[in-house]
Amino acid sequence: MVTTDNGTTKDDDGAAPDGPRRRRSRLLRGGVVTIGTVSALLAAMGLTVLGLGAADNAVAGYDASSWLWSTARSELARVNGITARVDTRVEVPQARSHPMQVVQTDRMLVLRDLNTGQVSSLDLATLQVTATTRTTPGLGVNVALHDDGAFVIDAVQGIVRQLDPRSLVPVGEPVRFPPGITGGAFDGRGRLWIAVPSEGTVTAITAGRLPSAVATAAGAGGISPARVRTVAVADPSHELVVSTLDDGVAVLDRTTSALTTVRGDEQRTVRLTMAGPGTLPPRTDGVLVPVTVPEARAVHVIGPDGAVRQFVVPGAGDRLGAAVAWQGRFYCADDATGTVYAFDADGKLVDTIAPAGVRGPLELEVRENRLFINAPNSATARVVDDRHAVRVVDKYVNDVLGGDPPPVAPPPPPRKPQVGRPGAPRQVIAAAGDAQVRVSWRPAPANGAAVTKYVVEGAGKTLEVGANQRSVEITGLTNGETYRFSVHAVNAKGAGPARMSNPVVPTAEVPDAPVRVTAQERPDGTVLVRWPAADGQGVKIARYVVTAVSAGTNAPAGEATGTELVVPAGELEYGTQYAFTVVAVNARGAGSKASPVSNTVVPYAAPGAPVDLRARTVADRPGTVALDWSPAAPNGRPVTRYLVEAAGRTTEVTDTRATVSGLGDGQSVQVTVKAVNEAGAGPAATETARTVAPPRVTVTGSTADATSVTLRFTVDAGGGQVTCTATTPGEPVAKGTCTSIRVPGLTPGTAYTFTVTATNAAGAGTASRAQPTAALYGIATCNNGPDGDQRTYCNADVDGRNGNEIFSVPRQDNNRQVGWAEPGTRLKAYCKRPGENVDSWIYNNQKQSTWWVRVDYKGQNYIPWAWLNLEGGDDITILPDC
């Protein structure tokens, strides 16, 4: 590529600079998000996505989808731009540790780990790694992807290398530039644009032919990528910012505030008047190019004819991202408030997108026919279609692959049974006595309607007894005659089936009843019932039948062949009063009368487990977790206290909340809570919580002007409430948000090392960053006057009093003069100091001041500000005091 004298360009071989028009790029720009290591990502993705069906894979391959990052959940969500829904979520373990650049097409996803420099290629159809390669770690290397061309741009070294996007094998020879290049994005015709600030040029590169399968296996490359156009856009060594266009490139010369657009054979430069440094998005859609000035919250819109419009973005502060052009509108993201403002082509505010709860930076990415607005620290994103309709995306939706498991819900209420007549009673037992029979039974199934009564039939008699009276004596019988009795239950639906008793024969030869009965409730929930042996009156006692008597209830409790019965735990209702009677039954089946009733007992057992135990971090206290729960079931005795155990230590509390302290910082601790009553401790409820960890700081970037440095960083707060400061030796502590801090009052042109400190209850985390301030220069100024000696006053240092004199002290002292700066000399300024008043008269526009400026002239010496005009507005206040 060569540039002609009149500024036009042509290919090196004389051909037209652009070939046949290509299909529009499906990759419009990549973003930087914070995720975990590539291996962790792949493991998570491989487990959750490989089960996709054909329909889902079709959606995955459609180019309107985009992977969006969520910091709080450490996961990626794939958003379908057509439906504005997430179809896959992928949790990435330890995702906050590494910054990662993510670029994608409809078939490929390329990741670059900024911490390790590793580049990995994934096939979106299978989400499998196809290859990895290494680059220099850190900022300064960029990855660009378009169709079958992948490029790694090493801006520091000035090397642009093409890779096969699947194998990551180099393709041909790299394209080399002087060190310190910038840019590295594709335009709409598939050309990669690189800016070379040291030369003041931009260059377009096309991808070389990919190697064959055989060549790839052998490690060989294909045809090398080629420079197809080079255009001069600025003087050498100017600061350049690049934004690719549908056909060409826009270059902002930040040094002169000039925007140059290159579209086809046309090159146009427009001078802008800006109140601060401008910036561009990596990619601009359409013919209008927006230049954003964050400090002034202003956007300058340059049309293809060079016309300039300007509008101001609402709000305050300088955390304004580069305006993104999309379908004739401009979308400006305010990272401080999480708001995106939309303006039409005339600069009129037409929409404000302010999702609730959004905090931190916003990412705006244009992929074909959609604008994706992502807030990595929020649960939601937005999708804007080509008609500017905005739809909300729930990134945490759960009815997708990789979604959160549903919360553990309480068991559903038992299905309401079909109401019907009751079932038959269980275990209908008859015991004969003297001219009488005792009949007892177990409850009948109610079948959806409460049993209202039992009906006992036999011996020509019918007896109705209450639903809780499951034992009855039938008298007036004839000894020696055999009887059988039936029992059935009745509910609202009618009478249920009957169950027959065993046959019995009343007799006068009945044993005596036990003379006394005692009962004892025990801590394990059982009840021990005892009695002395009954007198069998010459016939062996075969068994004893025990009946439990409570308020309104008379029911069998069990049988025993000995003189005691242990009623199992749970058979009797905890906390309910019971007494017991015992009937002796001899070997002939004859039973005694019932014994006297026993003492009353209240069965009890250890309490149940505490309900709904919750454990959480205490944000403002180190080594502490807080717990709360709902009361445990007392099970017959009041709960007197709770035992809280954590990290091998047990604490007793009487409330249903507790605070556990004395733990380690960032410690994940399992806590158990048990309720205690008279029976002892019940089963434990268990939960896990984490104490506050010391914060971790990662400095992501820094910028500087002559007297201040702005540090950008991320903080993992460790679950605590965090505050952030920045320090450098010899300067006051600077405070700010925990995303960026500006350190003012610095000396121009000075190297500094800054320490960012984030502090929470557990301690402090620090990270350092070296960043020099920009040098500030002034022009030694002395302009000759119109008359007499005035016309030669500034020509030479003749009498020692003709301006631009430099002294070792801030006053005009012939004995301390170190020299004289020829008018127009550019001097580096360090600081200011008050001194002798100096008037420049007509020689510098009547400038008069008592300020003197320390400059780099034979060391560090002083020149009156009256004779020195500072660059960038001549504002003496921006210089620190000496």
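Are Trp441 and Tyr454 buried or exposed?

1. Both Trp441 and Tyr454 are buried. Buried means under 20% relative accessible area, exposed over 50%, and partly exposed in between, with a 1.4 Å probe and protein chains only.

2. The basis is a predicted model, where local features need pLDDT of at least 70, side-chain atom pairs count only at pLDDT 80 or more, and totals for chains, interfaces and linings use all residues. Residues are numbered from 1 along each chain as its sequence is written, and side-chain values use heavy atoms, leaving out hydrogens and water.

3. Rings of Phe, Tyr and Trp (its six-membered ring) pair if their centres lie within 6.5 Å; planes under 30 degrees apart are stacked, over 60 edge-to-face, the rest tilted. The count by this rule is 11 aromatic pairs. One of them joins Phe311 and Phe330, tilted, with 6.3 Å centre to centre and 35° between the planes. Phe311 sits in strand S25 (residues 308–312) and Phe330 in strand S27 (residues 329–334), so this pair ties together parts 19 residues apart in sequence. Strands (E, at least two residues) are DSSP runs, numbered from the N terminus. Phe311 and Phe330 are buried.

4. Trp441 and Tyr454 also form a tilted pair: 5.5 Å centre to centre, 55° between the planes. Trp441 belongs to strand S35 (residues 436–442) and Tyr454 to strand S36 (residues 453–458), so the pair links parts 13 residues apart in sequence.

5. Phe311, Phe330 and Phe343 make up one aromatic cluster.

6. A charge sits over a ring if NZ of Lys or CZ of Arg is within 6 Å of the ring centre and within 35 degrees of the ring normal. The charged end of Arg227 sits over the Phe177 ring, 4.3 Å from its centre. Lys832 lies over the face of Trp851, 5.3 Å from the ring centre.

How values were computed. Helix = DSSP H or I, 4+ residues; strand = E, 2+ residues; numbered from the N terminus.
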